[in-house]
Amino acid sequence: MAETRFARIPATLIPGDGIGPEITGAVTAILDAVGSPFEWDVQQGGMAGIAKGGDPLPASLIESIRRTKLALKGPLTTPVGGGFRSVNVRLREEFGLYANLRPVRTMIPGGRYENIDIVLVRENLEGLYVAFEHYIPVGDDPHAVSFSAGVNTRAEGKRIARFAFDYAVRHGRKKVTLVHKANVLKALTGLFLEAGREVAKEYEGRVQVDDRIVDACAMQLVMNPWQFDVIVTTNLFGDILSDELAGLVGGLGMAPGANIGENAAIFEAVHGSAPDIAGKGIANPLALLLAACLMLDHVAKPDLASRIRKGVESALRETQARTPDLGGKASTKQFVDAIVRHVGHA
Ligand code: NAI
Ligand code: MG
């Protein structure tokens with residue numbers, strides 16, 4: 001039963017593609033069980049946007065986020081190759097969402113790793129994601145050569161490093177690790193490292209700093225993940241390492257993300273639209289639910305966020321409540337019902 005004890009916060013809800021409508025429906029049902037903190041303006045995007053009005057990023061969606069400055073977004077499918085630029089990348093650019101925060105924490109005991117608690121901060125606007133790329137034709141092969149340029153700026157390197165160190169200070173974290181490939185991409189990721197080290201000096205005595213080459217970091221995350229606290233890295237490395245981090249805590253179904261800018265913030269799961277399981281009613285809604293918890297933290301409702309997280313942990317202890325990706329047999333609906341039961345008693 002919905003109960004309202006505070007003014008609802010206007011926010012944009014984008015159901016998205018594939019499993020998107022299933023998991024956004026699950027998350028709004030759980031939020032309703034804790035008093036419906038958000039007043040949703042539902043907007044279509046991605047393939048659903050194309051189906052509705054021919055545009056994967058409709059003007060009404062952009063206007064809605066410009067007004068609410070806050071969105072919860074289901075995954076959006078980007079057709080591989082072909083005409084469309086990633087809708088996710090376009091949204092990040094449109095609202096200058098420079099910081100992508102991707103925390104992972106063990107919530108299911110008895111998995112491959114216990115006690116994982118790592119926050120990855122991914123630079124969200126630069127690097128190879130500017131997708132400044134071309135083919136160079138040779139003879140009769142129009143795609144004989146491919147060419148891509150990455151862009152990193154000192155200003156952005158410093159801004160994202162400052163975000164990571166500030167996050168560490170605010171959340172009582174001890175260490176920030178700068179992850180790069182400065183031994184090979186000396187200019188592109190060397191500048192990122194240099195900017196990060198400059199910023200680290202401002203936090204001397206408060207937050208420790210170290211750095212890793214990305215390939216070594218990937219290996220160490222498997223061998224001894226507990227050595228990491230906050231990681232800050234470039235756009236592409238952050239994309240890859242955040243999926244690896246998800247794997248440490250039970251898979252993509254467990255990994256939330258926040259895209260944060262000066263004037264707007266968009267919360268989403270790390271995973272995509274999972275076309276292989278879409279419509280089957282078995283998607284794990286947790287990644288998006290935990291993203292909604294980050295959204296509650298963002299709007300200064302951490303008590304509500306922690307109530308939901310505790311409810312989730314209790315529900316996860318019932319093995320029969322878990323979805324197939326977590327080794328269980330439950331449907332999305334059964335999992336949601338279990339979580340709703342537990343948040344009610346938190
Ligand atoms: P994916 O993340 O959609 O799926 C990878 C694997 O993980 C699949 O086997 C899927 O079934 C499983 N999986 C993902 N989320 C799950 C969940 N909540 N519960 C249970 N299992 C889950 O990645 P994929 O297949 O590479 O991409 C599919 C589409 O999603 C592409 O069009 C891609 O562009 C888009 N995408 C969108 C993102 C976004 O909107 N932020 C992020 C990543 C991909
Ligand atoms: Mg990714």
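Student: In this predicted model, what is the order of the strands in the open sheet of 10 strands?

Tutor: The open sheet has mixed pairing, and its twist averages 25 degrees from one strand to the next. Read across the sheet, the 10 strands come in the order 2-1-3-12-11-4-5-10-8-9.

Student: Which strands stand at the edges of the sheet?

Tutor: A strand with a single partner strand has one side left without a neighbour in the sheet, and this applies to residues 38-42 and to residues 208-213. The strands at the edges are therefore strand 2 and strand 9.

Student: Which residue stands opposite Val179 in strand 9?

Tutor: Strand 8, which covers residues 175-180, runs parallel to strand 9 and is joined to strand 9 by six bridges. Within strand 9, the residue that stands opposite Val179 is Arg212.

Student: At about what angle to strand 8 does helix 6 run?

Tutor: Helix 6, residues 188-202, lies across strand 5, strand 8, strand 9 and strand 10. Helix 8, residues 235-248, also packs on the sheet, where it touches strand 4, strand 5, strand 8 and strand 10, and its direction makes about 160 degrees with that of strand 5. For helix 6 and strand 8, the angle is about 165 degrees.

Student: Which element gives the largest share of the lining of the second largest pocket?

Tutor: The second largest pocket holds about 660 Å³ of space, and 28 residues line it, with Leu101, Tyr167, His171, Leu294 and Asp297 the closest to its centre. Two or more lining residues come from each of strand 4, strand 5, helix 5, strand 11 and helix 9. The largest share, six residues, comes from helix 5.

Student: How many residues of that lining are charged?

Tutor: The lining of the second largest pocket divides by residue class into 16 nonpolar and three polar residues, with the charged class making up the remainder of the division. The number of charged residues is nine.

Student: Is Asn88 buried or exposed?

Tutor: Asn88 is found in helix 4, residues 87-94, and, leaving aside its neighbours within four places in sequence, it is in contact with Lys73, Leu76 and Glu268. Its relative accessibility is 15%, and because buried means under 20%, Asn88 counts as buried.

Student: Near what value is phi of Ala274?

Tutor: Ala274 lies in the loop between strand 12 and helix 9, and it is partly exposed, with a relative accessible area of 22%. Its phi is positive in a residue other than glycine, with a value near 45 degrees.

Key: Residues are numbered from 1 along each chain as its sequence is written. Chains are lettered from A and ligands numbered from 1 in the order in which they are written. This is a predicted model: local features need pLDDT of at least 70, side-chain atom pairs count only at pLDDT 80 or more; totals for chains, interfaces and linings use all residues. Side-chain values use heavy atoms; hydrogens and water are left out. Two strands pair if DSSP finds at least two bridges between them. Helices (H or I, at least four residues) and strands (E, at least two) are DSSP runs, numbered from the N terminus. Axes are lines fitted to C-alpha atoms, for helices over the stretch in contact, and angles run from 0 to 180 degrees between N-to-C directions. Contact means heavy atoms within 4.5 Å. On a 1 Å grid over the protein atoms alone, a cavity is a set of points where a 1.4 Å probe fits but cannot get out, and a pocket is an open set with protein on both sides within 12 Å along at least five of seven lines; lining residues have an atom within 4 Å of a point. Grid points are joined across faces, edges and corners, and a volume is the space filled by probe spheres set on the points. Ala, Val, Leu, Ile, Met, Phe, Trp, Tyr, Cys and Pro count as nonpolar, Asp, Glu, Lys and Arg as charged, and the others, Gly among them, as polar. Buried means under 20% relative accessible area, exposed over 50%, partly exposed in between (1.4 Å probe, protein chains only).
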